[in-house]
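Subject: Structure for your review

Hello,

The structure is placed below, with notes on what was found in it. Please read the notes next to the coordinates.

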Amino acid sequence: MSRPSFRARPIDISQALAIIRDESVLNDESQAVAREVTHAHKNLDKDNEEVLTKPVDGSKSKDGKDKEIPIPEIRKVASYEQDYRPNFVKPATYLRSPAYGAPPGEAVEYDLDNDDEDWLEAYNDGQNRLPAEKLELMIWKLEMACGDANEAWMAQSAASATERGQIVSYQDRCVQMASTAALPKEKALELLQDVSGRPAILEAVYKYWTEKRSKTGKPCLRRLQPPPAPGDSNPFNVFRQREKTNRPQTRRRRENDAGSYDKMRQIRRQMEMVYAVVELQLKREEKKLERVRCECDAQTLQIKLRHEPRTVHEEIEAEFAKRPSARALSPKELEWDPQRPTSLPLSQADVVVGPDGSYRLRGGRLPP
């Protein structure tokens, strides 16, 4: 009787793998299932089996047989059950040690933005009623508590919708995640009493937090905000969901046609223009540096000539005449004409003046 078979399916990452503790299960042929699937590594396994049977460097053992590559054996560890307890629970966070600079207690993930700072400045009114660190801690606690409450509420609503044969839409999930109705006001104020015992501050912070969430329409913490819609075509929205979970090819194929060639040429011309603009900025900064040095040397010379006696004026002038700032202009610099093109040797381009008086770039590698 042939063994049962089934077609190949993608591996489910959310399903836990079975742990086999008894070796007899591996040798039980009745539990084995034949996969009628041709794997890509089938030929590789065949090559590995051939390597295991080949002799090592053509040498032979003492009994005259060919030496084979040793295959490791599987042995049962007697103390495995004691070393690795079955009641081990994976921690929710990474293991941290205070010896390596771990922050004491819980780290606050929320940072104040411009709106928070403006509201805090207006609320304090020149006094130190509420520090910024306490406001960050209070908003972070409200966000975490509201996120847990919304998660439980969404799970309950999803279960009830499944029983009715309905599906919770993306817009409904966004509204549920941005709502603060799942966290009662009394529970929220009780949660903030550890940070500040003044009821007026608690009321003001809670009111500001609810108004901010209703204004923005999303949670304040980024990791609690819903991902972009699957149909959103805006390339600037990150953390987008995949269109197909089991898509065999996720990368787009690059088309080698005339349109793609023209786009690449356009990108190259734009990069050459950027290179020329950067070279112009470099020359401008060099001229500005020369001007500043000339002004500094001229002021220093005037100060020395005013405070030093007239007998050493010739020596001071001779000393300053040797500096680069006192170099005479060359004939080419004296004949400079703004209408004449200026060449840029690095980018192999020229700066010309257009008919309207504006400056443009021209060259063999640049567009006209």
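Two strands are taken as paired if DSSP finds at least two bridges between them. Helices (H or I, at least four residues) and strands (E, at least two) are DSSP runs, numbered from the N terminus.

This is a predicted model, in which local features need pLDDT of at least 70 and side-chain atom pairs count only at pLDDT 80 or more, while totals for chains, interfaces and linings use all residues. Residues are numbered from 1 along each chain as its sequence is written, and side-chain values use heavy atoms, with hydrogens and water left out.

The strand pair comes first. Strand E3 (residues 342–344) and strand E4 (residues 349–353) run antiparallel and are joined by 3 bridges. Thr342 stands opposite Val351 in E4. The two strands, E3 and E4, form a hairpin with 4 residues between them, and Gln348 in the turn has a positive phi of about 55°.

Next, the salt bridges. A salt bridge here is a side-chain nitrogen of Lys or Arg within 4 Å of a carboxyl oxygen of Asp or Glu. The whole structure holds 9 of them. For exposure, buried means under 20% relative accessible area, exposed over 50%, and partly exposed in between (1.4 Å probe, protein chains only).

Arg223 pairs with Glu109 in a salt bridge, with the closest N and O atoms 2.7 Å apart. Arg223 lies in the loop between helix H8 (199–216) and helix H9 (258–307) and Glu109 in the loop between H3 and H4, so this pair ties together parts that are 114 residues apart in sequence. Glu109 counts as partly exposed because its relative accessibility is 42%.

A salt bridge also joins Arg213 to Glu143, where the closest N and O atoms are 2.9 Å apart. This pair links distant parts of the chain, with Arg213 in helix H8 and Glu143 in helix H5 (residues 132–163), 70 residues apart. Both Arg213 and Glu143 are buried.

Glu295 and Arg291 form a salt bridge with the closest N and O atoms 3.3 Å apart. Both lie in helix H9, 4 residues apart, about one turn of the helix. Glu295 is partly exposed at 41% relative accessibility, and Arg291 is exposed at 59%. Asp113, Asp116 and Lys212 are linked in a network of salt bridges.

Patches are made of residues with over 30% relative accessible area and no salt bridge, with like charges joined within 9 Å and nonpolar side chains (Val, Leu, Ile, Met, Phe, Trp, Tyr) within 5 Å. Lys and Arg count as positive and Asp and Glu as negative, with His and the chain ends not counted. The place of a charge is NZ of Lys, CZ of Arg, CG of Asp or CD of Glu. Accessible areas come from the Shrake-Rupley method with a 1.4 Å probe, and for residues only the protein chains shown count as cover.

Asp115, Glu117, Asp118 and Glu121 form a negative patch. Glu121 sits in helix H4 (residues 114–124) and is exposed, at 60% relative accessible area. Val77, Tyr80 and Tyr84 form a nonpolar patch with about 340 Å² of accessible area together. Val77 is in the loop between helix H2 (42–53) and helix H3 (80–83).

Lastly, Asp125 has a positive phi of about 55° although it is not a glycine. Asp125 lies in the loop between H4 and H5.

Regards
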